[in-house]
Each structure stands twice: as structure tokens, then as C-alpha cells.
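The structure comes first, then the details.

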Amino acid sequence: MARKLFKGQTMKTILLSNDLMLGSQVTQAARQVDADLEVIGQAGQLVAACDSAAPAQVILDLNNSLPAIAELIERIREVAPDARIIAIASHVHVSKIETAQAAGCDAVLTKGQFHSQMTEVLAG
């Protein structure tokens, strides 16, 4: 079960990914642990969603064509300072992984690591 913030309220997770397969897999995993998940396909919509939803965590699919990763993470921190930011990327995207680490993501996982830990990540 997802961690409860208040009675009857689970923590909010926002996933930024335009990968329909990943979105489907994460949605299914969220259902398994009763997590509150919102999937967003466009980076331009992410900051506004974080501002209005106050998520507990944000998962960034770095395989997306993202604008400057460091700036996106900084903007998320401005509107959702308490959110845990998790970046995921294919293990071959070394520069994206390093950029996310340098930008201060709370966790950076390869796709394989994320898939093996998906329910734990969503449960908080």
C-alpha cells in the first residue's frame, strides 16, 4: 500500500514520460499499491502540474526529449520543494544520467533498476 499522508490520502506521484508502454506499466504498478499517479507526456506541462498538485515525488523519464534537464529539475524544486525527484534512463544514456545526478535528483535509476523497484518507488 502507498504511504498515507493523512487519513484516506496517499502521496501523489507525477510521472513525466511520453512512452506509452512505460506509462501503462507504471499505471498498473500504481494500482497494485493503491498509489495516486498522474502521467504527463509533455515537459511543458510538468511544472504547472507540480505547482497545482504538490506531489510527494516526481519521476522523470530521461529517454524523453527533454529540454535542459538541470533547468527542469530546478523549476520543479521551485514549485514543489519537498518532492522527491527520481530520474530514470536507459543505461546507455550516460550523459543524461550524469546530468540528472549533478542537478540534484534524489535518485537516478536505470530503466532496469526502476522496473525491478517500481512498486516500492510508487509506495514511497
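The side chain of Gln 57 makes a polar contact with the side chain of Arg 84, at 2.7 Å in this predicted model. The Gln 57 side chain also reaches a backbone atom: the oxygen of Val 121, at 2.7 Å. Gln 57 sits in strand S5, which spans residues 57–61.

Is Gln 57 buried or exposed? Its relative accessible area is 1%. The cut-off for buried is under 20%, so Gln 57 counts as buried.

The surroundings of Gln 57 come from several stretches of the chain. Leaving aside residues up to four places away in sequence, Gln 57 touches Met 11, Lys 12, Thr 13 and Ile 14, among others. Its contacts also include Ala 83, Arg 84 and Ile 86. Val 121 and Leu 122 are on the list too.

**Helix packing**

The table gives their geometry.

| Helix pair | Angle | Axis separation |
|---|---|---|
| H2 (residues 43–53) and H3 (residues 69–79) | about 20° | 8 Å |
| H3 and H4 (residues 94–102) | about 35° | 9 Å |
| H1 (residues 20–32) and H5 (residues 111–123) | roughly 30° | within 8 Å |

Take H2 and H3 to begin with. Their axes pack at about 20°. Angles under 35 degrees count as roughly parallel, so H2 and H3 are roughly parallel to each other. Their crossing is right-handed. H2 contributes Ala 43, Leu 46, Val 47, Cys 50 and Asp 51 to the contact. From H3 come Leu 72, Arg 75, Ile 76 and Val 79. The contact of H2 with H3 has 7 nonpolar and 2 charged residues, and no polar ones.

H3 also packs against H4. The angle of H3 to H4 is about 35°, and their axes are 9 Å apart. H3 passes H4 in a right-handed crossing. On the H3 side, the contact residues are Ile 69, Ala 70 and Ile 73. They meet Lys 96, Thr 99 and Ala 100 in H4. By class, the contact of H3 with H4 holds 4 nonpolar, 1 polar and 1 charged residues.

The remaining pair is H1 and H5. Their axes cross at roughly 30° and come within 8 Å. With under 35 degrees as the cut-off, H1 and H5 are therefore roughly parallel to each other. H1 passes H5 in a right-handed crossing. H1 supplies Leu 22, Gln 25, Val 26, Ala 29, Ala 30 and Gln 32. H5 supplies Lys 111, Phe 114, His 115, Met 118, Thr 119 and Leu 122. The contact of H1 with H5 divides into 7 nonpolar, 4 polar and 1 charged residues. Leu 122 of this contact is also among the residues that Gln 57 touches.

Most residues other than glycine have a negative phi. Which residues have a positive phi although they are not glycine? Asp 34 has a phi of about 55°. Ala 54 has a phi of about 45°.

Asp 34 lies in the loop between H1 and strand S4, residues 36–40. Its relative accessible area is 38%, so Asp 34 is partly exposed. Ala 54 lies in the loop between H2 and S5. Its relative accessible area is 57%, which means Ala 54 counts as exposed.

His 91 lies in the loop between strand S6 (84–89) and H4. At 59% relative accessibility, His 91 is exposed. How far apart are His 91 and Thr 110 in sequence and in space? They are 19 residues apart along the chain, and their C-alpha atoms are 5.3 Å apart. With residues up to four places away in sequence set aside, His 91 touches Ile 97 and Thr 110.

Gly 44 lies in helix H2. Its relative accessible area is 76%, so Gly 44 is exposed. Gly 44 and Arg 84 are 40 residues apart in sequence. From C-alpha to C-alpha, Gly 44 and Arg 84 are 19 Å apart in space. Arg 84 is also the partner of Gln 57 in the side-chain polar contact at 2.7 Å.

How values were computed: Residues numbered from 1 in each chain as written. Predicted model: local features only at pLDDT ≥ 70, side-chain atom pairs only at ≥ 80, totals over all residues. Heavy atoms only, no water. Axes fitted to C-alpha atoms, helices over the stretch in contact; angles between N-to-C directions. Helix = DSSP H or I, 4+ residues; strand = E, 2+ residues; numbered from the N terminus. Parallel < 35°, antiparallel > 145°, perpendicular 65-115°, else oblique. Left-handed = near helix turned anticlockwise from the far one by under 90°. Contact = heavy atoms within 4.5 Å. Nonpolar A, V, L, I, M, F, W, Y, C, P; charged D, E, K, R; others polar. Buried < 20%, exposed > 50% of the residue type's maximum accessible area, 1.4 Å probe, protein only. Polar contact = N/O pair within 3.5 Å; in protein donor to acceptor, adjacent residues only side chain to side chain.
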